[in-house]
Every structure is written in structure tokens, then in C-alpha cells.
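Visitor: I am new to this structure. Could you show me how to read its features, one at a time?

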Amino acid sequence: MKIRSLLPVWILLLVFGFLIGRAQYHRKSGPIPPDGCVQCHQADKDPSASHPVAVMGCAVCHIGNPFAGDKKRAHIGMVRNPGRLDLAGKTCGQTSCHPDLPKRVTHSLMATNRGILSAMQRLWPHADDETVMDVKTLTNRPVGESMALDHFRKMCGGCHLHRPRYPRLGEIGQRGGGCTDCHIVELETPNPDLSRKKFHHPGLTTRIPSENCVKCHNRSARIGLSYFGRFESEGYGTPFKGGAPGPRRLSGGRFYLELPADVHHQKGGMDCIDCHTEKGVMGNGTVYDHQEQQVDIDCHACHDPQQQTIDPDPGLTKRLVRANNRQPSSPSTAIFFSAQQSPLYHIRSDTGNRMILYRKRDGHPVPFDRLSTSGIHDAPYHRRLSCQACHTRWTPQCYGCHETRFDGAMQRDWLTGRKSTGRWTEGRGYLRFRKPTLGIWSNGRIGPFAPGCQVFINVVDPQGRIRPEATSRHLVMAGFDPHTTAVAVPSCEDCHLDPKPMGIGQGVLTLTDASLSTEPVSPVGNGIDSPLDAFVSPVGEPLQTASRAKSRPFNREELARIYRVGPCLSCHDRYQDPVYRSFDDALQRFNSGKTPCREMLK
Amino acid sequence: MRRVSGPGSPVVKPLSPVSPDASVGKGVHPGSNRWLALMAWWSFLIALFSGVILAFVYRPWGDVYATVSQLTGWRPFGGFFRNTHYLSGQLFLLFTIAHTAEHVWRRSFQQIRAMDWTRLVCLFFLAFPLIFTGFILKGDKEGIMAGRIMAALVAEIPRIGSALGAVLIRPGEDFFLLPYLHHTVILPLTVVFLFITHQRRLFPGKQWGLVLAAAIATGAVFYPLPADIPPRADGGIVTGPWFFHGIQFLLQFGPAFWVGIIWPLLPLVLLILLPRVPKRWIPSAVWLTAVLWLTHAVCLVIGWISLSTAMGGGG
């Protein structure tokens, strides 16, 4: 009886004995770690200096149950890539970390792809009732009839921040992943063996390597290639080496030629982030239609900086300087700001007209001059010129984009990851790196244009026949900064006597008293009645659509104003020449025979 | 000694008292109404004891989930005491339900004073908010969602909703503070007060208490506590405490005030009113109460199946 009644006591003693024994066996000494993940996983290094595992642990970013003790429970809710944009609000963007960034980034153009979507839906075959302006909405929608959106899904949709990062080889495996798309140091898709005690954790950085930008920005406008002196060449693989195509290769089996790089890279070794600010790249929370609205720097931001005595957000400057950790000193406030008030904390005034930029990558000083005002940059007759109109060394130009859709075939939809009906193939007419076509940008300034894009669409039915009713073409020229800046500029004749910069296309210019005519070099035919490089006719009629509503080629009056200077340039070849103080007056004097020029011409 | 055995209840040999002063436990045998009451009370006392231990570490502010995770997985014996607290709390609820149900089944509410019956029903009622607030205090995704649902339901009550909400749960940094206050102070004190005025003894039937403690301690070593879902975990389906599944299911279809407040309170009110019903209507009242409780049970089962299916399919 007594033993029976004491049974519960014995059981209790047994349980407590067991618990004490277990606690001794699993004895944990030392201070409580930030989480228990390190019991099983230990990285070889911290992700970054500002993300020390010893202080922050793992679960703060990767979620999960940090002290669960067993694998299954510990991994509930865990995420491999905390940078995923759909989760960023709970990980990178949690209240105590970077709370304002996920909203800004999800509204930015790299996440919405709004610029590409709006251009394609405006210019390609597309029904208005299917219109969509951000990639996330499109992802959640069933595939529709729009040819523009079908092409986007299968060709363009592989580059956006919402895209998950797939463990695939090559550039495709390096793209996507939200915050980590840019902020990760190693480009290859991280796939560490986590079962090892010491595994390699990918590094995180705010000193974004340019490779992270170029992995996406190497097609279409190709600025990521041009800036570093690479021109995507025709697909011949020349110059050959050892009897085989040359080694200068890009992703997708493309080849490139080495051309002069942008002077900022060539002389200063500058990276993309040395110019592009955090607001310009990640956005400011506003949903913009086009990149020129979101990008908040231009040449003036550094070369003609406006000094500001009040820092609108001193905390931001401090944080950026601290995160960069390469600046020679830590100014409490920046004194130069971008158009959207991003602190240009890495730019300082030096003596006289000199300035210094400290590279964000390594803090190396890059001295440079302020904009000179020696009668060139402030010449009234060139006041509409953008910096790029003159300082662009060369421009990549891809003419004729031949898009063929095979209705009977299947192709992977980048947004869903699944194959769907219709396969696109893409070919091009020809590639050139000549001087650019000039025209009027949407901001009213004169700047470079290049094909963007000149699309010839053919649709092939499942029986292999071309569907004539679905065939279309859309010739579009886009204004942009080619990112091939040079200090040297073209001569006056290069613009005023060459039909290419005027937008008329490469050819032989003939100027008579009454009008202008050209003999084009580029071919005409195959259903098009003007050369592909002709943005405008010699009489000022637009021949191609401009990619922005407010941008356009030169009109008749503007063309006349450009070419009427041409004949004078053989003698009046200096900016400071008195005839350019008031060219209209000089021309009037010339026409009335009051100048010695007519005598000389005779 | 009164032997009570309901239909289907096992006839168990009564356990002899271990000491002369354990008079309440004397002759009490498993399945009897008194035994159920005793088990309910001892479950509560064990929950109270383990809860006091947990309170040394638990903090209802800051990152509550991290605190709970640390308490469970890192602190010495933390997991054991949390498991004990969980199991004893659940047993308190189950034994209280069984105790009340047996009273209704045997119509013994007719033999006791209406006030005593009201006290018992109040004890029965308090078991639910006790478990519910404990569920919130887990601080995981389910706990937070349960707290939000509670706040939303309370806000639906006309006129007093916002005032009641201000004393039950508040959003923001104090989200866990009021449920903590209710769970650790107000509700346990009320239970103790009601029990003492009901039973007038604090530790009746110590032998049974020891048996229960041994059983729960053994269970706490081996029983896997339901997994906590990190508050930041993406997607998935979160559920409330098991007794809330029926209401969670019905909330998809009906207005929150009627489904979430009136519907669960209705059978409770009927329970309280049972002794006050005229004798000739008692069979109908009992029948009505039973039907309402059974409907709740059916909804609970449907809700549980529905949630399990959803979790299996998409969770």
C-alpha cells in the first residue's frame, strides 16, 4: 500500500533525475548567444561588418525558431534568401533595420519594370484591356493574348528584383533575389553546404561591385558594357584567335570588341555606384514611369555641384558614410546633394576649381575639374545641348530587331517559371558603334539617340506558315546616355556637316541654297522606304517613333539652323569667333553682301 | 461513499486515502464528478506552479517570440516547465468541461444552490480566456493573430467594444502586456477565489494531485509541444487554440459580432440559467443546451478538418 501510494513520488523523482542528467549532458556554458542556430551552423565569416553573427545571430535575417533545438522546429518559417522582395519587409526591412527601403525598392523601376512594360505596351501589338504596369501584377495574372506581354514574359522578364534567384549556371543564375540581387558580393548563386560546421556565407555590401550591375545592364542600351569599353559586336567572333572565334565573349554566345571606355572608368577607375546614388537606384518611394525620372544625378551633380549648407537628413549622410567605410574622413553633413537630395558624401571641394571624388569601392581619391565657363559650356547657341551630345565618344547602335514567334512551340515564361505556348526567337540587322544620332530628349535638351528598338515581328503558325495578319514593324529611336564619356569633343563639322548626328542617317550630305539632301549609306528596301538609321527626313519629317511622348527628332527649322552653320565652319571654326555672338545678324550681313566672305567664296 | 458511474464510464476501484487528513480524496474514484473536479483543480494548481516558474524568465515586451524561444530551448528546464504549463492548462480546461458536462448530464444543478452553480459555470467559462490569453503569450505568429482576432472581436461589441478592448488588449508595444496581466494575475486570482468559495479548501485530495503531477511531468518530458511559428514566417495557415477552430471556421461566413461573441456566449448563458428554469421546462432547456454544445462540437470538428486540409494542401 505504502509503495503504491509513493509511486507518484518515485515517478516525479525519476523525471527530475532524468531532466538534471539531460541538462548536464547538454550543458551550455557562457553567455546566451543571440540564437541557437550557431550550435549547428557556423559561417567562416560574417556576412558583413555591419551584420556580425555573434551579435545579431542568424534568425534576425533568416527567421526560423532560433532556440528550437531540433532541426524541423528550428527551420519553421526559415528563409534561405532574406533579401527576397516579397519578404524584405520582415527581414532586411524590419523596423529595427532598414524599414523604409523595401517600400522604396518595390516601387522602383528595377522591381516594377514599369518603363519596359509601358514602352512595350505602347509600341507593340497589345490590347488596352490587358494593360499592366508592374511585373508583380503581371506575374499573378494568367497569360493573355497581348503579344507585347507574351514577349515580355519570355524575353525581358528575367531581369527584375522580384525574380527568385535560381541555382543555375551563368548570368541567369546571378540575377534576381531582391535586395541580394545587388548587395551580395559573390555573383554565383550561393549554395553552401550548410551541414558543414564552417560554411561560406555570402558577403553583403553597400559597396556594390559594378559586376552586379552589368550582369543585367548589358543588353538593349548596353550601358554596362559601353562604360567599361566593351562593344557588343556582330556574332562573327572576330578578331579570330588561333583560327577560332576570339575569346572576348559575353553571355548568350555574344562577342565584344574593346573600345575606349568611359573617361570616368578609364582615368578614374570609377564604378557605377560612384555616380549613381541610393535614391537613384532604389528609388524614393515614388512609382516612376521611366528611368530618367528616377535617376537623380546628371553630370552637373559632380561637375557643377550646388553647395548646400543645410543637410536635409544628416542621419542619412552619417549612415551612408559609416556603411561605406572607405571615406578618408567622416563629415557630419554632406555639402553636395543630388537632385533628389541624396548626399554626395564622397565629393569634396579641393583648391580652386578642383574637386575630389573618393571612390566608394576603395576610397581612392579621383581629382577632377568643375565645369569650365570659358565661353564654351555657356555658349548661348548651344544652351540646349546636353553634356552627352558632345562628350559621347561612341554609341552602341543595334539596328533591326527581328522577332519571330512560333505559335506551335513552347518557351519558358520567366515570371512563372513554367513553359507556355509560343516561342520567340530574336535576331538583329546590324550593329554599329559610330557617333550617335542626335534629337530632342523628353526634357527638351538635345542628346544622343539610338535604335530602341526597331522591331520587325513575324508570327509563324503551328504549320510553319507566316501569319501575314500578325506581321508588323515598329521603328523606335530612344534617347539615352551612352555612358562613353570623353573629354575630347567632336569638331564643329562633325555635327554641322554630317547627316548622322542631325538624325538624317549616315550618308553623303548635299546642301544647295534651297534645301538639304542625302544619299544614304544604309540600305533601303525590304518593305522600308528609309534607312534604319534615319530618324528624320532631310526636310524634317519624322521617320521613326521616339520612345518618349515628348522626345522627337529635329524638326525642319532646327535642321536648317544646324546645317546653315556648316558652310561657315571652314573659316569660322572657333567658339569665340565674333560671328557666333549673333549668328543671325552675321548671316544677314553675309546675305546682304556686307561681309568679305562672298568675295572670298568667289 | 456515493458511487457514481455514468453510462460507459469505467468502474475503477477507488484509491485509498494516503493520510487521514486527505478526506476530500477519500473514496473519490476516477470518472466520478468529484474526481473530475479534483483533477481540474489540481491541473490548475500545477499550471499555476509551472507558470510562476516561467514568469521568472518570460517578458511580455520586446521580442516576445525570441524570449519564448530562448526560454523553451536554452534555459535549463525551460522546455520542461513550458510543456508542464501547457499540458496542465489543457487538462484544466478538459476536466472543467467534463465536470460541468457531468453536472448537466445528471441534472445535479437542481440539487445545488443557484449561486454555487453560477460559480461553477463561471469557473468553466474562465478556463477558456485563461487558455486563450496563454495562447497569445506564446508570441508566435499564431499568438499574435489570436490577439488581433480577439481585439477585432471585442471591438465589434456595440457601445462597450472600444472600452473593453482598452482593458483586454491594445495594439503596439503593449500588445502582450494586458493579456499577460489577465493570464498571470486577474484570471488566476478569480479562479482561486471562485474555487475557494465553491470548495473552501485549497489543496483537496493531495494524493490525486501527486498522481496528476507525476503524469503531467512524465508527459512533459516526452510530449512534443506544438511548434511555434515565427511571427515573420511567410504564408501558411495559422490557427487559434483548438477550442477556437469552430469559431474560426464560422467567422468566414458570418458577422464577427454574432459568430465570435454571441454564438460562443449563448450556451454559457443557458448553462447559468438552467437552475432558474421552471421545473417543467428543464428537460427542454437541458436538451437545448446540449444541442447548442453539440453544435459547437460539430463546428469545431468541421473547423479542425477544414484547417487541417488547408494546411496539408497549401500550408
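Guide: Gladly. Keep in mind that this is a predicted model. We start with a pair of helices in chain B. Helix H1 (residues 33-55) of chain B packs against helix H8 (residues 206-222) of chain B. The angle is about 60° and the axes are 9 Å apart.

Visitor: Why give an angle and a distance?

Guide: Two packed helices are described by the angle between their axes and by the distance between those axes.

Visitor: Which residues make the contact between H1(B) and H8(B)?

Guide: From H1(B) come B:Trp35, B:Leu38, B:Met39, B:Trp42, B:Ser43 and B:Ile46. H8(B) brings B:Lys206, B:Trp208, B:Gly209, B:Leu212, B:Ala213 and B:Ile216. By type, nine of the contact residues are nonpolar, two are polar and one is charged.

Visitor: Let me try another pair. At what angle do H5 and H6 of chain B cross?

Guide: Helix H5 (residues 141-155) of chain B and helix H6 (residues 161-168) of chain B cross at roughly 150°. Their axes come within 7 Å. An angle over 145 degrees counts as roughly antiparallel. H5(B) and H6(B) are therefore roughly antiparallel to each other.

Visitor: And which residues meet there?

Guide: On the H5(B) side, look for B:Met150, B:Val154 and B:Ala155. They meet B:Gly161, B:Leu164, B:Gly165 and B:Leu168 of H6(B). Five residues of this contact are nonpolar, two are polar and none is charged.

Visitor: Now for empty space. How is it found?

Guide: Rolling a probe the size of a water molecule over the atoms shows where space is left empty. Here, the second largest pocket has a volume of about 1500 Å³. Its lining counts 47 residues. Nearest its centre lie B:Phe125, B:Phe128, B:Pro264, B:Leu268 and B:Trp293.

Visitor: Which elements give two or more residues to that lining?

Guide: They are H3 (78-105), H4 (114-137), H5, H6, H7 (177-199), H9 (245-250), H10 (256-273) and H11 (282-314), helices of chain B. H11(B) gives the most, with 10 residues. The lining of this pocket divides into 39 nonpolar residues, seven polar and one charged.

Visitor: How many cavities of 30 Å³ or more are there?

Guide: The count is two. The second largest cavity has a volume of about 30 Å³. A:Gly237, A:Thr238, A:Pro239, A:Gly246, A:Arg248, A:Phe255 and A:Tyr256 line this cavity. Three of these lining residues are nonpolar, three are polar and one is charged.

Visitor: What should I look for in the backbone?

Guide: Most peptide bonds are trans, and most residues other than glycine have a negative phi. Now look at the exceptions. A cis peptide bond joins A:Thr238 and A:Pro239, with omega at about -5°. A:Pro239 sits in the loop between strand E3 (230-232) and strand E4 (249-250) of chain A.

Key. Residues numbered from 1 in each chain as written. Chains lettered and ligands numbered in written order. Predicted model: local features only at pLDDT ≥ 70, side-chain atom pairs only at ≥ 80, totals over all residues. Heavy atoms only, no water. Axes fitted to C-alpha atoms, helices over the stretch in contact; angles between N-to-C directions. Helix = DSSP H or I, 4+ residues; strand = E, 2+ residues; numbered from the N terminus. Parallel < 35°, antiparallel > 145°, perpendicular 65-115°, else oblique. Contact = heavy atoms within 4.5 Å. Nonpolar A, V, L, I, M, F, W, Y, C, P; charged D, E, K, R; others polar. 1 Å grid on protein atoms, 1.4 Å probe; cavity = no way out; pocket = protein on both sides within 12 Å on 5 of 7 lines; lining within 4 Å. Points joined across faces, edges and corners; volume = space filled by probe spheres on them.
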